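Here is a short report on a two-chain model.

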Amino acid sequence: MTEDATPIHPRWLRVTHWINALAVVLLVMSGWRIYNASPFFDFRIPREVTLGGWLGGALLWHFAAMWLLVVNGVVYLSCNVMSGRLWRKFLPLSPRAIVTDLLGALRGQLSHADARHYNAVQRAAYLFVMLDAVLLVVSGLVLWKSVQLPVLRELLGGYESARRVHFIAMAAMVAFAAVHLTMVALVPRTLVTMIRDA
Amino acid sequence: MTIKAPRLGIDGDALLKDALRELELPTRRLFLKRSLSLGGLSLLTGCTIVDEDSAEQALMRVSRLNDKVQGWLFDPRHLAPTYSADMITRPFPFNAYYGENQIRDVDGDSFRLEVTGMVADRHAWALAELRALPQAEQITRHICVEGWSAIGRWGGVPFATFLTHIGADTSARYVGFKCADDYYTSIDMPTALHAQTLLALDYDGEPLPPRYGYPIKLRMPTKLGYKNPKHIQAIFITNTYPGGYWEDQGYNWFGGS
């Protein structure tokens, strides 16, 4: 089988991508409802976009979907590392390359001819969102098990600080998703490659 | 007839109690209805018709699984952080399932703490007897399920000491609490025996004021606020899952760190 006959994204990647998307939607929407129970910023999230109906319902969703995110995330990272895809697709990466490709993208001069190749901005964005997901899990663990995880708790500056870290990491994830969805809308072919053996 | 009447009365009472509970808690039956009516989520999952009861049951099953995982993760040697007196939150917030105008007044002189279940000594305790036991104090962070937290100072009898005095069977699974404000909850035995679990009689060096749960509150810095019952009237040791006021509505039973 030649390189071109293989799908752009392996099956395990497509499956974990969509499970992750579902987990993130459930976690973000139920998390917004949990935030509303005791907001630490000067705003609340509109009820209509939250999940769970009341705090207890939101917590049930949140603490169920967390397993989906974590188990799926471990499968994704394991496959990525063991197949060597993580290094092949995301490295090398330099700040200079990110700036060059970002300027190119803004001028509309970045080529999308080869969907197998991630440009430097994509590499940076996908690596960023992987690390952000790890930070969400770590800060979530501190909020859930602050007594049992003293090292992580102190690393994040204590319980109250961990709440803010968790929220800001969520905001970064949502910002990534917004840009990600915009890019998919601009290059719809990428959606097809994430669904079938294209 | 004289035999039947009381039996019917008991059934009727139980039925009425259940019905009233359902009426009091319309949110319980509504939370999934609301969530599943969200267009966005329905589009993503590709299903608009989901059996709400089975969805709720599935979520509750995961919550029971989370109880097990948390019990397994709980290492009683880990202590919650303690703080200096200048870090105490003032005023310490009042929180209950009712408003401040409904705080219960308990008469301390006639008060007796009932002890039942798997214990050797079932005598009811007067406050003076509890005061005569060794006392301890802690300045710890109270974390509410809503997310906010506040630092307070509690004093009282280490709960493990009390359990020893009543000859509690510490191989039992649960410790249950019934309160003067009709609140009820229950905890796991490892948490009951944790070094920082306190049968609190004092707040900030004074007897607990009614707003903080006079005459007795269970203080556990390893558990969320709703697991820390106030105005405790009865303590029972059991292997039968006792549930709790909020837990029966969907809050996680273990509810702790």
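α1(A) passes α7(A) in a left-handed crossing. The contact uses A:V24, A:V28, A:G31 and A:Y35 from α1(A), and A:F167, A:M170, A:M173 and A:V174 from α7(A). Residues are in contact if their C-beta atoms, placed from the backbone, lie within 7 Å. By class, this helix contact has seven nonpolar, one polar and no charged residues. Ala, Val, Leu, Ile, Met, Phe, Trp, Tyr, Cys and Pro count as nonpolar, Asp, Glu, Lys and Arg as charged, and the others, Gly among them, as polar.

The model is predicted: local features need pLDDT of at least 70, side-chain atom pairs count only at pLDDT 80 or more, and totals for chains, interfaces and linings use all residues. Residues are numbered from 1 along each chain as its sequence is written, while chains are lettered from A and ligands numbered from 1 in the order in which they are written.

**Helix pairs in chain A**

| Helix pair | Axes | Angle |
|---|---|---|
| α1 (residues 11–37) and α7 (residues 159–186) of chain A | 11 Å apart | about 135° |
| α4 (residues 95–106) and α5 (residues 120–144) of chain A | within 7 Å | roughly 110° |

Axes are lines fitted to C-alpha atoms, for helices over the stretch in contact, and angles run from 0 to 180 degrees between N-to-C directions. α4(A) and α5(A) are therefore roughly perpendicular to each other. That term covers 65 to 115 degrees; under 35 is roughly parallel, over 145 roughly antiparallel, and the rest oblique. On α4(A), the contact is made by A:A97, A:I98, A:D101, A:L102 and A:A105; on α5(A), by A:A120, A:V121 and A:A124. This contact has seven nonpolar, no polar and one charged residue.

**The two chains**

Chain A has eight helices and zero strands. Chain B has seven helices and nine strands. Both kinds of element are DSSP runs numbered from the N terminus: helices are H or I, at least four residues, and strands are E, at least two. The C-alpha atoms of chain A fill a box of roughly 50 × 35 × 35 Å along the principal axes.

Of the 198 residues of chain A, 26% are buried. In chain B, buried residues make up 35% of 257. Buried means 20 or more other C-beta atoms within 10 Å of the residue's own; exposed means 12 or fewer, and partly exposed lies in between, with C-beta atoms placed from the backbone.

**The cores**

The largest nonpolar core has 33 residues, and B:F159, B:L199, B:A200, B:L218, B:I232 and B:I235 touch the most other members. Such a core is a set of buried Ala, Val, Leu, Ile, Met, Phe, Trp, Tyr and Cys residues joined through C-beta atoms within 7 Å. Elements of chain B that each supply at least two residues include β3 (149–158), α6 (159–165) and β9 (232–238). β6(B) gives the largest share, five residues. Apart from this core lies another, of 31 residues, among them A:A23, A:W32, A:I34 and A:L136.

**Where the chains meet**

The contact takes 25 residues from chain A and 31 from chain B. On the chain A side, α1, α2 (55–82) and α7 give two or more residues. α2(A) gives the most, with eight residues. The chain A side divides into 15 nonpolar, seven polar and three charged residues.

Methods
Left-handed = near helix turned anticlockwise from the far one by under 90°. Contact = placed C-beta atoms within 7 Å.
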